[in-house]
Amino acid sequence: MTRPNVVDLASRLISHASITPATGSVFDEMEAMLRPLGFTVTRFLAGDELSDREQGGPVENLFAIRKGAAASRHLAFAGHLDVVPPGEGWQTDPFVPEVQGDLLYGRGAVDMKGSIAAFVSALHDLPEDLGTISLIITGDEEGPARFGTVALMDYMAQHAIAPDICVVGEPTSVNRLGDMMKIGRRGSVNMWITVNGTQGHVAYPHNADNPITKLGKILSAIDGLKLDEGTDWFQPSNIEFTEINAQNPAHNVIPAKAEARLSIRFNDQHSGASLSDMIRDIVEHHGGELHPIISGEPFLTPPGELSELLVKAISDVTGVEPELSTTGGTSDARFLSKIVPVVEFGLCNATMHKLDEAVATDDLEQLAKIYALVVQRALCEPADTRSLNIQTAQSPSKGETS
C-alpha cells in the first residue's frame, strides 16, 4: 500500500475539534486510517460527569491491534486525540489545518495528533506479518485522565492483551527533533486546604475566629519544607501554591472560611500518599482540613535495551543522540508503566498548548521514519525486552485521579 503523506494524515486529525474530553468524529477518522492496514478496531465510551474537581466524562477510547504470529512480540503505541481549548487570538482557524512555508498550523499539530499521524504513516512502510502492533488511543489525556488510558488498560486486561514494550508519542523534543526522550516522569498531587473560622466584625476580633491567620501559619509551615535533593534521574520535588481565596467582599468582616490549593511534583523518593499524609499533619495541626487528589505516581524505565532502541533509531534518522530525561509534566505513561516498559518520544514541544501551535513538516516526515525503524527493529531483531527492569513508585489507591 502506498504510504500517504504524513502531513495529510495529521491535517485530517487536526480538522476535528476534539477538545477534551473527546468523542466522535476524530475517532471515526482514526478508525478509517487503521482498518485498511489490517487492524481490528474497538471503540468504547467511559465515564460520566463528576464533581467540579473531578469532572472528565464521557470519554471515547480506541484500541486497535494487528496480530502477528502466536509467538511474535508485541509493540504498542499510545497517544491521545483530545486537545486543549485553542483560546482566542489565532492567526488561522485552529481546526482548519494550514501549511505556511515549512510549518503545519493547527491545534494538536504537536500535542499530539502529529505524532499519531507519524506512527500511522510509519505502518505503511512495514509488512503486515512483522509482529503484533497495537495502538492505545484515548480522548481523555489533557483533562483529568480518569476515563482514558486507565479504561483502555482495563480493556486490555479483560482480553489478556499484554504488550512487551510501549512507545508514547508525547512531544518530548525541545530545541530540535530528537534531542530529548523521556524514560520516566515525576508524580503529581494537587491538594485543597480548607480552614473554617467564625465570621465577625474586624473591630471585635474577640467575637470571631479568623481562618486567614490559621491558613497563613499552614502555608508558612508548608513553604518551609524541603522534600529532597533530587536523585540520579529525577530533579528535586517541588511544592507550589496555586490559589488562595477567602471569598470576602467586605473590608470590615472577618471571613468564616479561607481556602488554598497547592501542587506537588515529586520524584521516586515519595508517593502521593506519603506526601498527602505529610501535608495533612501540618494542616490539621493548625485546625484545617485537606483534600488531596493524586494525578499519578513517579515512574522510571531504567536505561537499557528499550531506550537504546529509541536512541539508535533517532540517531540514525536525525544524527542527534537524545538526552534521557524525566523532566516536565505528567503523561499517560504514568499509567502504562505499571503494565509494560514504556518510553516517550515525539515532536518539538515549543508550541504545544500555545496560540498558533505548529509543527515542522520535515519533523513529521523524520518522526515517521524513526517510528518505522523502532517498530521494525523491536519486532524483527533478537532482543528479550520482557527482561527489562522497570521501577515504579507506589501505585495510587482506588479513587485517586488527576
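C166 counts as buried at 1% relative accessibility, where buried means under 20% relative accessible area, exposed over 50% and partly exposed in between, with a 1.4 Å probe and protein chains only. C380, at 46% relative accessibility, counts as partly exposed. The model is a predicted one, in which local features need pLDDT of at least 70, side-chain atom pairs count only at pLDDT 80 or more, and totals for chains, interfaces and linings use all residues. Residues are numbered from 1 along each chain as its sequence is written, and side-chain values use heavy atoms, with hydrogens and water left out.

A search of the whole structure finds zero disulfides, a disulfide being a pair of cysteine sulfur atoms within 2.5 Å. For C166, the nearest cysteine sulfur is that of C380, 19 Å away.

**Accessibility of single residues**

| Residue | Relative accessibility | Class |
|---|---|---|
| C166 | 1% | buried |
| F299 | 2% | buried |
| S237 | 9% | buried |
| C380 | 46% | partly exposed |

**S237 and its surroundings**

S237 is found in the loop between helix 5 (211–223) and strand 12 (238–245). Helices (H or I, at least four residues) and strands (E, at least two) are DSSP runs, numbered from the N terminus. The side chains of S237 and D228 are joined by a polar contact of 2.7 Å. Such a contact is a pair of N or O atoms within 3.5 Å; within protein, one must be able to donate a hydrogen and the other to accept it, and residues adjacent in sequence count only if both atoms are side-chain atoms. A polar atom of the S237 side chain also lies 3.0 Å from the backbone nitrogen of N267. Leaving aside residues up to four places away in sequence, S237 touches R186, L227, D228, R265, F266, N267 and H270, contact meaning heavy atoms within 4.5 Å.

**Aromatic pairs**

The structure holds five aromatic pairs. Rings of Phe, Tyr and Trp (its six-membered ring) pair if their centres lie within 6.5 Å; planes under 30 degrees apart count as stacked, over 60 as edge-to-face and the rest as tilted. One of the pairs is formed by F77 and F119, which are stacked at 4.3 Å centre to centre with 15 degrees between the planes. Because F77 lies in strand 3 (residues 74–80) and F119 in helix 3 (residues 113–123), the pair ties together parts that are 42 residues apart in sequence. Both F77 and F119 are buried. F44, F63 and Y155 form one aromatic cluster.

Helix 4 is followed by A160, whose phi is positive, near 55 degrees.

F299 is found in strand 16 (residues 299–300). F299 and V342 are 43 residues apart in sequence and 9.7 Å apart in space, C-alpha to C-alpha.

**The cavity**

The structure holds one cavity of 30 Å³ or more. On a 1 Å grid over the protein atoms alone, a cavity is a set of points where a 1.4 Å probe fits but cannot get out, and lining residues have an atom within 4 Å of a point. The largest cavity contains about 50 Å³ of space, a volume being the space filled by probe spheres set on the points. Its lining consists of A78, G79, H80, M112, I136, E141, T149, V168, E170 and D332. Strand 3 gives the most to this lining, with three residues.

Definitions and conventions
On a 1 Å grid over the protein atoms alone, a cavity is a set of points where a 1.4 Å probe fits but cannot get out, and a pocket is an open set with protein on both sides within 12 Å along at least five of seven lines; lining residues have an atom within 4 Å of a point.
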